[in-house]
Amino acid sequence: VHFAKLLDGREVAVKVLRPSMRSVIEDDLDLLRAAATLATRVSADARRLRPIDVIDEFDHYLHDELDLVREAANANQLRRNFSESKQLRVPEMFWDYCAENVLVMERVSGIPIGRIDQLVEAGIDLKKLSRDGVEIFFTQVFRHGFFHADMHPGNILVGTSGEDFNRYIALDFGIVGTLSEFDKNYLAQNFVAFFRRD
């Protein structure tokens with residue numbers, strides 16, 4: 001990711017895939033498949049764990065992440081879903097500059113969610129942040145049925161100024177998930193059972 005300015009002065013983040021990345025990933029996946037095939041031939045435990053299926057799923061998600069137009073579209077969907085939210089900000093995508101190997105988005109800043117000491121020092125209300133996080137999760141899952149599926153600390157910032165103060169900022173939209181009504185109902189039943197300690 002590189003930082004730049006558009007001709008109109010807006011600051012942007014430019015994500016560029018390394019030119020050889022796709023072939024490196026293909027080579028690595030081939031190597032993993034060869035190792036998995038060998039392991040399933042000699043080990044009952046390996047057959048039980050179905051490593052080829054795991055690698056196929058990994059392959060699917062990796063290739064989704066290599067398509068930056070798909071990532072920009074995912075970001076746009078999430079941005080639309082939270083357009084009125086004071087809890088979550090999703091950066092704007094600049095479609096005129098996006099391609100399969102280049103993504104250009106609004107530059108955002110904040111403190112990574114894992115840096116608790118810095119958040120406290122910046123005056124962030126951690127209890128509010130916790131409540132907002134739960135509400136954002138439930139909104140994505142149960143209202144929209146579309147969720148950011150790669151929410152590790154490197155992909156979540158907390159704003160420290162202006163309208164972003166004490167607000168989540170999401171990054172990296174290469175992996176998202178969707179839920180059908182059946183999926184939502186199944187998940188809701190599990191949550192109810194969990195809360196009832198059943």
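The following dialogue concerns a predicted model and the terms used to describe it.

Guide: In this predicted model, local features need pLDDT of at least 70 and side-chain atom pairs count only at pLDDT 80 or more, while totals for chains, interfaces and linings use all residues. Residues are numbered from 1 along each chain as its sequence is written, and side-chain values use heavy atoms, with hydrogens and water left out.

Visitor: Why is helix α1 called roughly antiparallel to α3?

Guide: The axes of α1 (residues 21-42) and α3 (residues 51-66) cross at roughly 170 degrees and come within 9 Å. Axes are lines fitted to C-alpha atoms, for helices over the stretch in contact, with angles from 0 to 180 degrees between N-to-C directions. Angles under 35 degrees count as roughly parallel, over 145 as roughly antiparallel, 65 to 115 as roughly perpendicular and the rest as oblique. The helices are therefore roughly antiparallel.

Visitor: Which residues make the contact of α1 with α3?

Guide: Contact means heavy atoms within 4.5 Å. Among the residues involved are Ile-25, Leu-29 and Leu-32 of α1, and Ile-55, Phe-58 and Leu-62 of α3. The contact residues divide into eleven nonpolar, three polar and five charged; Ala, Val, Leu, Ile, Met, Phe, Trp, Tyr, Cys and Pro count as nonpolar, Asp, Glu, Lys and Arg as charged, and the others, Gly among them, as polar.

Visitor: What makes β1 and β4 edge strands?

Guide: The open sheet has the order β1-β2-β4 with antiparallel pairing, and β1 (2-5) and β4 each pair on one side only. Strands are DSSP runs of E of at least two residues, and helices are runs of H or I of at least four, numbered from the N terminus.

Visitor: What is known of the largest pocket, and what makes a pocket?

Guide: On a 1 Å grid over the protein atoms alone, a pocket is an open set of points with protein on both sides within 12 Å along at least five of seven lines, whereas a cavity is a set where a 1.4 Å probe fits but cannot get out. The largest pocket has a volume of about 470 Å³, the space filled by probe spheres set on the points, which are joined across faces, edges and corners. Lining residues have an atom within 4 Å of a point; there are 23 here, with Val-1, Lys-15, Glu-71, Met-105 and Asp-172 nearest the centre. The largest share, four residues, comes from β2.

How values were computed
Two strands pair if DSSP finds at least two bridges between them.
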